[in-house]
Amino acid sequence: MLALINGSSAPFEPEVDEAAAVGVKMEPSERVSPARVADSPASLECTLHSTIELGDSTVVFGNVVTITVRTEVLEDS
């Protein structure tokens, strides 16, 4: 998935769905509106906590509301 992930970081226009543009399959999330990456072995669903402007960037903080992990990637330690 590395090439797909890297491709999604391109400077797309705001109206472009970058996942669709690079061929990343999406699926509905359990508790938040935005979809999650279907083939990802793990995902975090978050709600917005706050943002902080830092230079010409914005740092985004979220509250994790759901963690999804595919059973085939879990190991007994």
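The following questions and answers go through a predicted model of one chain.

The model is predicted, and local features need pLDDT of at least 70, side-chain atom pairs count only at pLDDT 80 or more, while totals for chains, interfaces and linings use all residues. Residues are numbered from 1 along each chain as its sequence is written, and side-chain values use heavy atoms, with hydrogens and water left out.

Student: In what order do the elements of the chain run from the N terminus on?
Tutor: Helices (H or I, at least four residues) and strands (E, at least two) are DSSP runs, numbered from the N terminus. The chain has two helices and four strands. From the N terminus on, the order is α-α-β-β-β-β.

Student: What radius of gyration does the chain have?
Tutor: The radius is taken over C-alpha atoms, and the globule rule is 2.2 Å times the number of residues to the power 0.38. The C-alpha atoms fill a box of roughly 45 × 30 × 25 Å along the principal axes. A compact globule of 77 residues would come near 11 Å, whereas the chain has 15 Å.

Student: What share of the residues in the chain is buried?
Tutor: Buried means under 20% relative accessible area, exposed over 50%, and partly exposed in between (1.4 Å probe, protein chains only). Of the 77 residues in the chain, the buried share is 13%.

Student: What percentage of the contacts with a separation of 6 or more comes from residues 24 or more positions apart?
Tutor: A contact means heavy atoms within 4.5 Å. Among contacts in the chain with a separation of 6 or more, residues 24 or more positions apart account for 24%.

Student: How many bridges join strand β3 and strand β4?
Tutor: Two strands pair if DSSP finds at least two bridges between them. β3 covers residues 42-54 and β4 residues 57-69, and the two form a hairpin with two residues between them. Cys46 stands opposite Val64 in β4, and Ser43 stands opposite Thr68. The pairing is antiparallel, and the number of bridges is 12.

Student: Which residue in the turn between β3 and β4 has a positive phi?
Tutor: The hairpin leaves two residues between β3 and β4. A phi of about 65 degrees belongs to Gly55.

Student: Is His49 buried or exposed?
Tutor: His49 is found in strand β3. Not counting residues up to four places away in sequence, His49 touches Phe61, Gly62 and Asn63. Its relative accessible area is 54%, so His49 is exposed.

Student: Why does Pro34 count as exposed?
Tutor: Pro34 lies in the loop between β1 (26-27) and β2 (36-37). The C-alpha atoms of Pro34 and Ile5, 29 residues apart along the chain, are separated by 17 Å. Pro34 counts as exposed because its relative accessible area is 55%.

Student: What is the relative accessible area of Thr71?
Tutor: Thr71 is found in the segment after β4. Its C-alpha atom and that of Ala38, 33 residues apart along the chain, are separated by 14 Å. Thr71 is exposed, and its relative accessible area is 62%.
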